[in-house]
Amino acid sequence: MPTPDEIYEQVLSEETSKGSSPAVAQARAKAARVRAQKGAAKPATPAPEASSGDGDGAQPAAQAEAQPAAQAGAQPAAGATARPAGTATKTKPAAKPAPGNGAPATKTNGGGNGAAVPERVQRLLAVVKPESIQKVERQPMDRVNVWPHLMAAEFLALLVVMALLTFFSVAVDAPLRELANFNQTPNPSKAPWYFLGLQELLRYFHPQVAGVTIPTVIIIGLMVAPFVDRNPSTRPDDRKLAIVLFTFFVMSFAVLTIIGMFFRGPGFNFTFPWYDGIFFEL
Amino acid sequence: MARSARWNPREKLAERMSSFQNGQLWRSIFRPGSIFRKGYADSPRNRAYVVMNSLLYHLHPVKVKRHGIKLSYTLCLGGLSFFLLILLTITGIYLMFFYRPSVDLVYSDMQRLHTSVSFGLLVRNLHRWGAHLMVITVFLHMARVFYTGAYKPPREFNWIVGVILLLLTLLLAFTGYLLPWDQLAVWAVTVGTEMMKNSPVVGDQVQFALLGGPVIGPETLLRWYTLHVLFLPFIIVIFISIHFWRVRKDGGISGPL
């Protein structure tokens, strides 16, 4: 019986002459050497009829044990005996088959023909890289724990806003003018600032257009925006039109609101705040 | 050392605390896996448990995309709007203690709030400036969502809910604007509601329903008070719940640019 190192050399030269790549040849030779070592270290499980001496002492041993197990249907003793050899030759599924299920064992053993089998697929498993047989569909994403990363940021933002708001509230008092008097219209009368854009529009359009049609169109337009904008991209470069349109509407409304706030004086007529002062309260 | 520690009051306290934390009451309050049961040592598992075994799990997933929490991406605007709503609820409840929505009483109540209620003026200021700020943050939140394209499928419906929330925010701000019952409030609301009168067909009816009469009067105050403190908050909480739920269901915070 050859020593493991001899087996290594033998398999290596065989593989090289077969034309396998050096990596594959070396891997197979190494695997054969390991099997030989394991087989030598386990004289308690000798192969009854398969001491074929072809360099793979352990392999037939595994088959000899696994074969009856597969045929007779899972004797625990047989499975247990086969396991050390099975581990070495990576035929573990074959070594402990389920009752009445001889298929895996038969498949791995190549129809139970002892000595011809060892040079088989299992050896290839050692060199196949996982990426080549697994299809990765979902790209791993860079994720962080909400606690503490997000919640710390949220808490900080909350504290900052609360502090600013408190300082502002201590410094500036909310307006409280004299008691409501329906006989005395203040001049000018202005809507709350968020409606001043609409009030400004009243100067240019019929009340029904400025007060009803335009707000309705704005609301409906906003609501249907995702259904009108069919462009799936979220990159700014791909959606210049959407960005330009939205910015245009926001800016025009902001301009109208600012005019209504600061540039409208008594009678809601145009003034300059630096001449006549500001006719506006929050 | 161990012998002297037996009389250590701190150890006694810790012992009491630990037996309390193993008792039925404590365990009934905190779910299995809660960090208040197990204590918190910084580990990936405990970081997940902080969110997973608490009410927070309704708001946040255990993990989020790293780019999503970059301050420059969301600017925290949605979260700040929600925080301002909570602040407005708390300050608003305090103001309700001292406010009677009746035309004869309301203005003197306002004056009393300014002069003789502890922190009355400060709380009113917080409520008013917070409300203006919330209108701004909700609007900016919408702008942010638009510019990052975060309204695109599958988030179309949540965008619609967001537009409704913007409208509700404006309505809450507008109904609150009348409540001080001073010249500023009454005439601003007069101007605002004059616009609704121009609605086609139902304009007068809409205005009548909102004002409780042809012009602003005592009924208007009570009506807008009820809308402001009860009806609209109730509606906005429902829509906020849907909004938050859909944020999670539609895949969390939106993708990178």
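How many residues does the contact take from chain B and from chain A? It takes 69 from chain B and 70 from chain A, and keep in mind that this is a predicted model.

**View 1. The buried area between chain B and chain A.** Put together, the two chains bury about 6,900 Å². Carbon and sulfur atoms carry 73% of that area. Over in chain B, the residues that lose the most area to chain A are B:Trp129, B:Gln183 and B:Met195, which together make up 11% of what that side buries.

**View 2. Polar contacts and a salt bridge.** Between chain B and chain A there are 33 residue pairs in polar contact, counting pairs with both residues at pLDDT 80 or more. The salt bridge count between the chains is two. One of them joins the side chains of B:Lys152 and A:Asp229, with 3.3 Å from N to O.

**View 3. What chain B brings to the contact.** Quite a list of elements in chain B each supply at least two residues to the side touching chain A, including helix H5 (44-52), strand S1 (63-65), helix H7 (77-96) and helix H10 (156-178). H9(B) gives the largest share of that side, with 17 residues. Sorted by kind, the chain B residues that touch chain A come out as 50 nonpolar, ten polar and nine charged.

**View 4. A strand pairing across the two chains.** Here strand S1 of chain A (residues 143-145) lines up with S1(B) in the antiparallel sense, over three bridges. Look for A:Val144 in this view: its bridge partner in S1(B) is B:Val64.

Key. Residues are numbered from 1 along each chain as its sequence is written. Chains are lettered from A and ligands numbered from 1 in the order in which they are written. Side-chain values use heavy atoms; hydrogens and water are left out. Contact means heavy atoms within 4.5 Å. Buried area is the accessible area (1.4 Å probe) that two parts lose on being put together, summed over both. A salt bridge is a side-chain nitrogen of Lys or Arg within 4 Å of a carboxyl oxygen of Asp or Glu. A polar contact is a pair of N or O atoms within 3.5 Å; within protein, one must be able to donate a hydrogen and the other to accept it, and residues adjacent in sequence count only if both atoms are side-chain atoms. Helices (H or I, at least four residues) and strands (E, at least two) are DSSP runs, numbered from the N terminus. Ala, Val, Leu, Ile, Met, Phe, Trp, Tyr, Cys and Pro count as nonpolar, Asp, Glu, Lys and Arg as charged, and the others, Gly among them, as polar. Two strands pair if DSSP finds at least two bridges between them.
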